[in-house]
Amino acid sequence: MIHSKQLFERAKKVIPGGVNSPVRACLSVGVDPLFIASAKGAHLRTVDGAELVDFVMSWGPMLLGYVHPEIHEAATQAALRGTSFGAPCEAEIQMAEAVIDAVPSMDMVRMVNSGTEATMSALRLARGFTGRSKVVKFEGNYHGHADSFLASAGSGVATLSIPGTPGVPAETVAHTLLAPYNDLEAVKALFAQHAQDIAAVIVEPMAGNMGCVLPAEGFLEGLRQLTRAHGALLIFDEVITGFRLSYGGAQKRFGINPDLTTLGKIIGGGYPVGAYGGRREIMERIAPCGDVYQAGTLSGNPVAMAAGLATLKLLKAADYQALEDRTARLTDDLSSIFQEKGVATAINHIASIFTVFFKEGPVTDFESAKAADAGLYATYYAQLRELGVNLAPSAFECAFTSFAHTEQDYDQFLSAVRKVKL
Ligand SMILES: *Cc1c(COP(=O)(O)O)cnc(C)c1O
């Protein structure tokens, strides 16, 4: 039998770090990655023959579970008709109509192939539309790996951007202004200083890339007012929250309409799809309608569109509230177990998302998230994996439940957590 360990050694010779996306290498939890042979429902099977209940779900896309029969059927039927044309097909219109119908602020939408492409294109459009250069982003929010978004704060100069990685010119991130998540005053200060230059504020309407962090009361409303008052666009990055916080995303749930929205993950039903959309007058600036260029050889791919459409159709009829209730019960039970163990935790959750932060007290921004004990998380992660439960291999990520998880899956998770020694 092939083993994960052997595959990882082989992979490292030909793929940087042995992986095609860094966090998969499990470096921050100090173990080697498991190679997956197959998946079904909420379960992964590794090449080592182990079966795990999964709470990563491909980082969010698999809200309906792995290999859902209707999504599989739709995608394979589409594949038989041709996997890419480079010319329009009807599925693209159906997909656009379904997305616009669901997401309150969208009049038009453009399909791309990833969340990164969606946010990158939305920012270009916001800059083109406003004729301004600067973008406000929040610490601990992730918007894919386009240059403009790879900025982190230098110590003591919270609003001065330095690149978070080599390869990004300082001039590029000089246009990126940073503010702490949930800190409206900091955003006000940025507008006071740069009002005429800010093209957009981009925000995860529920932060999902520093673990799950909810928007504080009034935060999103405040961003809506500030951007409107200063002629800047508000971009909701709903790549995680879209079709997860509700069928219409975070904006539907919280009742706030951004100017532009980015989507990804769930809308592809497990295939590579991203999308950005919003108000008609803004979207009509995109080529060939307008002058802001954006294109893609595989954009609106018929197989991905078929999988996405089947996904949306199933989700439209799904009972989100029941899944949210099950997830809330799970986090209540987790909380009791950690209390019995005498381990300090703060558990944030909403809809089918939760994060256990190993620390006292509330987690409301990147600063408080980073204070969690990552070493303890690594111990927790490694033991749970041995006990047949797969969590994200990083302390600062979300756990995802899905419509495919059963009570038995939750019980298995809880009994594994009871056994963990922390
Ligand atoms: C995952 C993610 C992205 C990037 O999407 P990719 O498909 O990985 O490029 C962007 N924004 C948010 C909020 C995400 O969670």
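This is a short tour of the model in your viewer, stop by stop.

**Before you start**

You are looking at a predicted model, in which local features need pLDDT of at least 70, side-chain atom pairs count only at pLDDT 80 or more, and totals for chains, interfaces and linings use all residues. Residues are numbered from 1 along each chain as its sequence is written, and side-chain values use heavy atoms, with hydrogens and water left out.

**Stop 1: the two domains**

Colour 4-64 + 319-419 as domain 1 and 69-316 as domain 2; these bounds come from an automatic or database domain assignment. The C-alpha centres of domain 1 and domain 2 are 25 Å apart. Now show the contacts (heavy atoms within 4.5 Å) between them: 29 residues of domain 1 meet 29 residues of domain 2.

**Stop 2: the largest nonpolar core**

Next, select Phe243, Leu334, Tyr380 and Phe413, the residues with the most contacts inside the largest nonpolar core, which has 62 residues. A nonpolar core here is a set of buried Ala, Val, Leu, Ile, Met, Phe, Trp, Tyr and Cys residues joined through side-chain atoms within 4.5 Å. Buried means under 20% relative accessible area, exposed over 50%, and partly exposed in between (1.4 Å probe, protein chains only). In soluble globular proteins, nonpolar side chains tend to be buried together.

Among the elements that give two or more residues to this core are helix H2 (69-80), helix H10 (302-316), helix H11 (320-341) and strand E14 (353-357). Helices (H or I, at least four residues) and strands (E, at least two) are DSSP runs numbered from the N terminus. H10 gives the most to this core, with eight residues. Both domain 1 and domain 2 supply at least three residues each.

Centre on leucine 334 and you will find Ile347, Phe354, Val356, Phe413, Leu414 and Val417 touching it, with residues up to four places away in sequence not counted. Another core, of 29 residues, lies apart from the largest one; Ala179, Val201, Leu226 and Ala346 are among its members.

While H2 is on screen, pick alanine 75, which is placed in that helix. Alanine 75 is buried, with a relative accessible area of 1%. Beyond four places in sequence, alanine 75 touches Tyr271, Val303, Ala306 and Ala307.

**Stop 3: the ligand**

Which residues are around the ligand? Select Ser114, Gly115, Thr116, Tyr142, His143, Gly144, Glu204, Asn209, Asp237, Val239, Ile240 and Lys265; each has a heavy atom within 4 Å of the ligand.

- Threonine 116: an N or O atom in its side chain is 2.6 Å from an oxygen atom of the ligand.
- Asparagine 209: a polar side-chain atom lies 3.1 Å from a ligand oxygen atom.
- Aspartate 237: a polar side-chain atom lies 2.7 Å from a nitrogen atom of the ligand.

On its own the ligand has 380 Å² of accessible area, and the protein covers 82% of that. Accessible areas come from the Shrake-Rupley method with a 1.4 Å probe; for residues, only the protein chains shown count as cover.

**Stop 4: polar side chains**

The next stop uses polar contacts: pairs of N or O atoms within 3.5 Å; within protein, one must be able to donate a hydrogen and the other to accept it, and residues adjacent in sequence count only if both atoms are side-chain atoms.

Go to serine 4, in helix H1 (residues 4-14). Is serine 4 buried or exposed? Serine 4 counts as buried because its relative accessibility is 4%. A polar atom of the serine 4 side chain lies 2.9 Å from the backbone nitrogen of phenylalanine 35.

Threonine 261, in strand E11 (residues 260-263), is buried at 0% relative accessibility. The side chain of threonine 261 makes a polar contact of 3.4 Å with the side chain of serine 105.

Arginine 124 sits in helix H4 (residues 115-130) and is partly exposed, at 37% relative accessibility. Its side chain reaches the backbone oxygen of tyrosine 293 at 2.9 Å.

**Stop 5: backbone details**

Finish with the backbone. A cis peptide bond, with omega about 10 degrees, joins alanine 287 and proline 288. Proline 288 is in the loop between helix H9 (280-283) and H10.

Valine 67, in the loop between strand E3 (51-54) and H2, has a positive phi near 50 degrees. Asparagine 182 also has a positive phi, about 70 degrees, although it is not a glycine. Look for asparagine 182 in the loop between strand E8 (176-179) and helix H6 (184-194).
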